[in-house]
Amino acid sequence: MISSVEGFTDAATSLAELQEGDTPQGAPARAATQRLFGADAGFDPFNVLQYNAVMCNDGTGSHNANEIWADVQRRVQTDPVSGYRADTALFCGSWPWVAKPWQLTPGHSPLQLSGHLQEDTTPYVWAVAMHKQVGGGLLTIDDDVHGSLPDLPCAQQAIDFFHTRRTQNGACR
């Protein structure tokens, strides 16, 4: 979790180098991300940096720690069982950049979407809504496990997309 803005510049530089296909420049870059995310977090700091960059730059909630906490407290009053959960907001306190909402439209290249019918991490209705918004193929996975596709017999359908650029629709079990 981000503990302060210390090291954002070094971490952003490292992320930009990675995006350009370069290798971040050794210990200073790694030390900057370790200061941000903690070396003992059990994660490769660059993966955590990428996750936070995506979630916080796209998140439309507050980036102010006090506002995030006040929101959690309001939800706990309404729903004492699960209202404490702040989701990705906890990672975005002190994130210095404001999100720019996406204006998604259908593209010209093939797109393969997939969604798990009963999972709660990324609800299936989101996959359906995205499919309606941008098109492409929608492979419906009939289970409740986030990220289970690689372990299913129908994984080949998704893999084939990367080789053939042909999208798949329908059910996957």
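The model is predicted, with local features taken at pLDDT of at least 70 and side-chain atom pairs at pLDDT 80 or more, while totals for chains, interfaces and linings use all residues. Residues are numbered from 1 along each chain as its sequence is written, and side-chain values use heavy atoms, without hydrogens and water.

Helix H6 spans residues 124–134, and its buried residues are Tyr 124, Ala 127 and Val 134. Seen down the helix axis, these buried residues fall within an arc of 110 degrees, so they line one face of H6. The arc is taken from the directions from the helix axis to the C-beta atoms. Buried denotes under 20% relative accessible area and exposed over 50%, with partly exposed in between (1.4 Å probe, protein chains only). Helices (H or I, at least four residues) and strands (E, at least two) are DSSP runs, numbered from the N terminus. On the face of H6 turned away from the buried side are the exposed residues Val 125, Trp 126 and Lys 132. The cover over the buried residues of H6 includes S1 and strand S2 (137–141).

The largest nonpolar core has seven residues: Leu 139, Ile 141, Leu 149, Cys 154, Ala 155, Ala 158 and Cys 172. Such a core joins buried Ala, Val, Leu, Ile, Met, Phe, Trp, Tyr and Cys residues through side-chain atoms within 4.5 Å. S2 and helix H7 (155–164) are the elements that give two or more residues to this core.

Trp 102 lies in the loop between helix H5 (89–92) and strand S1 (112–116). Trp 102 counts as exposed because its relative accessibility is 61%.

Key. Contact means heavy atoms within 4.5 Å.
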